[in-house]
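Colleague: I am new to this one. Can we go through it feature by feature?

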Amino acid sequence: MAISDVEKTMINDLLSPVASYYTEKIKEFGPQPRGVDWNGVDGQVLRFTQLSRLLDVERPFSLADIGCGYGALLDFLTERYRDFQYIGLDIAEAMIEAAGKLHENKPQARFISGTEPPEVIDFAVASGIFNVRLSGSDEDWRSYILQTLERMHQFSTRGFAFNCLTSYSDADRMRSDLYYADPCEFFDLCKRKFSRNVALLHDYGLYEFTIIVRK
Ligand SMILES: C[S@@+](CC[C@H](N)C(=O)[O-])C[C@H]1O[C@@H](n2cnc3c(N)ncnc32)[C@H](O)[C@@H]1O
């Protein structure tokens with residue numbers, strides 16, 4: 001399903017303040033978890049551990065990291081997998097610059113500004129791109145998530161995975177600038193639209209869930 005011009009404009013309007021938000025973070029804190037607005041390295045790695053359940057250790061693969069930040073996932077993968085090609089994409093130019101500098105000696109990796117890889121790829125993962133919505137409405141943000149998942153499905157041949165903050169978070173700790181998704185709704189949607197093989201992981205101690213769509 002192609003994205004209409006109206007939807008493209010809506011997504012650009014939503015993402016432009018998000019790009020500025022993350023640009024400020026990386027400028028303030030540099031290439032470390034707080035520079036991509038995570039509290040610390042433990043949570044960041046715990047998220048990567050969930051998302052990487054998508055991957056197949058036995059075969060070489062290519063992977064697009066949508067919202068790569070400074071490319072922390074690349075280090076995680078390098079420690080665990082031998083044969084893979086990596087493309088990191090981010091809407092914040094400052095992230096792409098930081099990632100490029102940090103990983104300049106890794107020939108299997110490229111970093112590109114934007115939201116999609118230039119070619120079809122085996123796997124796509126997105127860690128943290130659906131959380132900060134700033135002043136975007138619930139309706140627009142939900143529709144942006146659906147469009148993004150549709151695109152991830154289209155450009156990945158072997159599967160994709162993503163995480164979201166959960167609507168099962170404690171009400172008194174929820175913030176109006178963040179989006180809390182209903183895990184059951186997204187599990188159902190992925191199962192009906194994308195593949196029979198879908199996992200919902202909601203057992204790793206953070207106020208969020210991960211969905212793995214294996215094709
Ligand atoms: C919470 S940070 C996580 C960075 C990285 N995935 C990590 O876990 O270390 C989210 C990043 O995604 C980027 N981003 C947000 N929405 C995006 C989108 N639709 N496409 C590409 N990048 C996006 C932001 O600029 C930011 O760098």
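Colleague: Let us start with Leu 134. Is Leu 134 buried, exposed or partly exposed?

Modeller: Count the C-beta atoms around it. This is a predicted model, so each count comes from predicted positions. A residue is buried at 20 or more other C-beta atoms within 10 Å, and exposed at 12 or fewer. Leu 134 has 16 other C-beta atoms within 10 Å, so Leu 134 is partly exposed.

Colleague: Where in the chain is Leu 134?

Modeller: In a loop. Leu 134 sits between strand E4 (121-126) and helix H5 (138-155). Look at its backbone too. The phi of Leu 134 is positive, about 55 degrees, although Leu 134 is not a glycine.

Colleague: Which value does phi take at Asp 37?

Modeller: Phi of Asp 37 is near 75 degrees, again a positive value in a residue other than glycine. Asp 37 belongs to the loop between H1 and helix H2 (41-51). Asp 37 has 16 C-beta neighbours inside 10 Å, so Asp 37 counts as partly exposed.

Colleague: Now a helix. Which residues of H2 are buried?

Modeller: In H2, the buried residues are Gln 44, Arg 47, Gln 50 and Leu 51. Down the axis of H2, the buried residues fall within an arc of 125 degrees, so they line one face of the helix. On the other side of H2, Val 41 and Asp 42 are exposed.

Colleague: What covers the buried residues of H2?

Modeller: Look for contacts from other elements. The cover includes helix H3 (72-80) and strand E4. It also includes strand E5 (156-166), strand E7 (197-201) and strand E8 (208-214).

Colleague: Let me try H4. Which of its residues are buried?

Modeller: Helix H4 covers residues 93-102, and Met 95, Ile 96, Ala 98 and Ala 99 are buried there. Seen down the axis of H4, these buried residues keep within an arc of 165 degrees, so they line one face of the helix. Glu 93 and Lys 101 are exposed on the other side of H4. H1, E2 and strand E3 (109-113) are among the elements that cover the buried residues of H4.

Colleague: Which residues touch the most other members of the largest nonpolar core?

Modeller: The largest nonpolar core has 53 residues. Met 95, Phe 123, Ala 124, Val 125 and Ala 161 touch the most other members. Met 95 is one of the buried residues of H4.

Colleague: What does Phe 123 touch, leaving out residues up to four places away in sequence?

Modeller: Phe 123 touches Leu 54, Leu 55, Phe 61 and Leu 63, among others. The list also includes Ser 156, Arg 158, Gly 159 and Phe 160.

Colleague: How far apart in space are Arg 192 and Leu 55?

Modeller: Keep sequence distance and spatial distance separate. Arg 192 and Leu 55 are 137 residues apart in sequence and 22 Å apart in space, C-alpha to C-alpha. Arg 192 lies in helix H6 (residues 183-193). Arg 192 has 10 other C-beta atoms within 10 Å, so Arg 192 is exposed.

Colleague: And Ala 72, buried or exposed?

Modeller: Ala 72 has 25 C-beta neighbours inside 10 Å, so Ala 72 counts as buried. Ala 72 lies in helix H3. Ala 72 and Ala 181 are 109 residues apart along the chain, and their C-alpha atoms are separated by 24 Å.

Colleague: Which residues come nearest to the ligand?

Modeller: Start with the shell, then ask what supplies it. The ligand has 22 residues around it, and Tyr 22, Gly 67, Gly 69, Gly 128 and Ile 129 come nearest. Helix H1 (5-29) and strand E2 (84-90) are the elements that give two or more residues to this shell. H1 gives the most, with four residues. By type, the shell around the ligand divides into 13 nonpolar, seven polar and two charged residues.

Colleague: Last, the whole chain. How many helices and strands are there?

Modeller: Six helices and eight strands. From the N terminus on, their order is α-α-β-α-β-α-β-β-α-β-β-α-β-β.

Colleague: What is the radius of gyration of the chain?

Modeller: Compare the value with that for a compact globule. With 215 residues, such a globule would have a radius of gyration near 17 Å; the chain has 16 Å, which agrees. The C-alpha trace spans about 40 × 40 × 40 Å along its principal axes. Of the 215 residues, 36% count as buried.

Key:
Residues are numbered from 1 along each chain as its sequence is written. This is a predicted model: local features need pLDDT of at least 70, side-chain atom pairs count only at pLDDT 80 or more; totals for chains, interfaces and linings use all residues. A residue is near a molecule or strand if its C-beta atom, placed from the backbone, lies within 6 Å of it. Ala, Val, Leu, Ile, Met, Phe, Trp, Tyr, Cys and Pro count as nonpolar, Asp, Glu, Lys and Arg as charged, and the others, Gly among them, as polar. The arc is that of the directions from the helix axis to the C-beta atoms. Two residues are in contact if their C-beta atoms, placed from the backbone, lie within 7 Å. The radius of gyration is taken over C-alpha atoms; the globule rule is 2.2 Å times the number of residues to the power 0.38. A nonpolar core is a set of buried Ala, Val, Leu, Ile, Met, Phe, Trp, Tyr and Cys residues joined through C-beta atoms within 7 Å.
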